[in-house]
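Here is a short report for a first look at this protein chain. Start with the sequence and the structure below.

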Amino acid sequence: MVEYERDLKKILIWLLGGSRGGLMRLKILLLLKKRPMNPNQLARVLNVNYRTVIYHLELLERYGLVNKLDIGYGAPYFISDKLEKRWDLIRDVMRILGINEREEMEEGGEP
């Protein structure tokens, strides 16, 4: 279990802080933590292009951080059980990166 958590933390640090688009991925995760949303809803709340949201969702899904409820257009995404159980790692990574969760939610626009 310790090894898994260390790997998950490394993945989160890279996806959220060590790569381009990390802040957008963090905002998506924070929104999905509140409630499942489809790509159109996320794009509207974040005021970004739909394709941008799709790109980040696909990346987050590839690493097992989000899941799609169904296949097809308009299907909602939600935080994976794996990430939900270890949400404290998101907070740790945000602390490492110097990001305040409350401020990010206010800037990202809450639904």
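## The nonpolar core

The largest nonpolar core holds 30 residues, and L12, I28, L29, L32, L42, L83 and I90 touch the most other members. Elements giving two or more residues to this core are α1 (2-16), α2 (22-34), α3 (39-46), α4 (50-62), β2 (77-79) and α6 (87-97). The largest share, seven residues, comes from α2. Take I90: setting aside its neighbours within four places in sequence, I90 is in contact with L12, L16, L26, L29 and L83.

## The chain as a whole

This is a predicted model. The protein chain has seven helices and two strands. From the N terminus, its elements run α-α-α-α-β-β-α-α-α. Of its 111 residues, 40% count as buried. Among contacts between residues at least 6 apart in sequence, 59% join residues at least 24 apart. The accessible surface comes to about 6400 Å², and 49% of that belongs to carbon and sulfur atoms.

## Salt bridges

The whole structure has four salt bridges.

| Pair | N to O distance |
|---|---|
| E84 and K33 | 2.6 Å |
| R86 and D88 | 2.5 Å |
| D92 and R95 | 2.5 Å |

E84 is partly exposed, at 37% relative accessible area. K33 is partly exposed too, at 29%.

R86 counts as buried, at 16% relative accessibility.

D92 and R95 both lie in helix α6, three residues apart, about one turn of the helix. D92 is partly exposed, at 22%, while R95 is exposed, at 58%. K9, D92 and R95 are linked in a network of salt bridges.

Note on methods:
Residues numbered from 1 in each chain as written. Predicted model: local features only at pLDDT ≥ 70, side-chain atom pairs only at ≥ 80, totals over all residues. Heavy atoms only, no water. Core = buried A, V, L, I, M, F, W, Y, C linked by side-chain atoms within 4.5 Å. Buried < 20%, exposed > 50% of the residue type's maximum accessible area, 1.4 Å probe, protein only. Helix = DSSP H or I, 4+ residues; strand = E, 2+ residues; numbered from the N terminus. Contact = heavy atoms within 4.5 Å. Areas by Shrake-Rupley, 256 points an atom, 1.4 Å probe, with all protein chains shown as cover. Salt bridge = Lys/Arg side-chain N within 4 Å of Asp/Glu carboxyl O.
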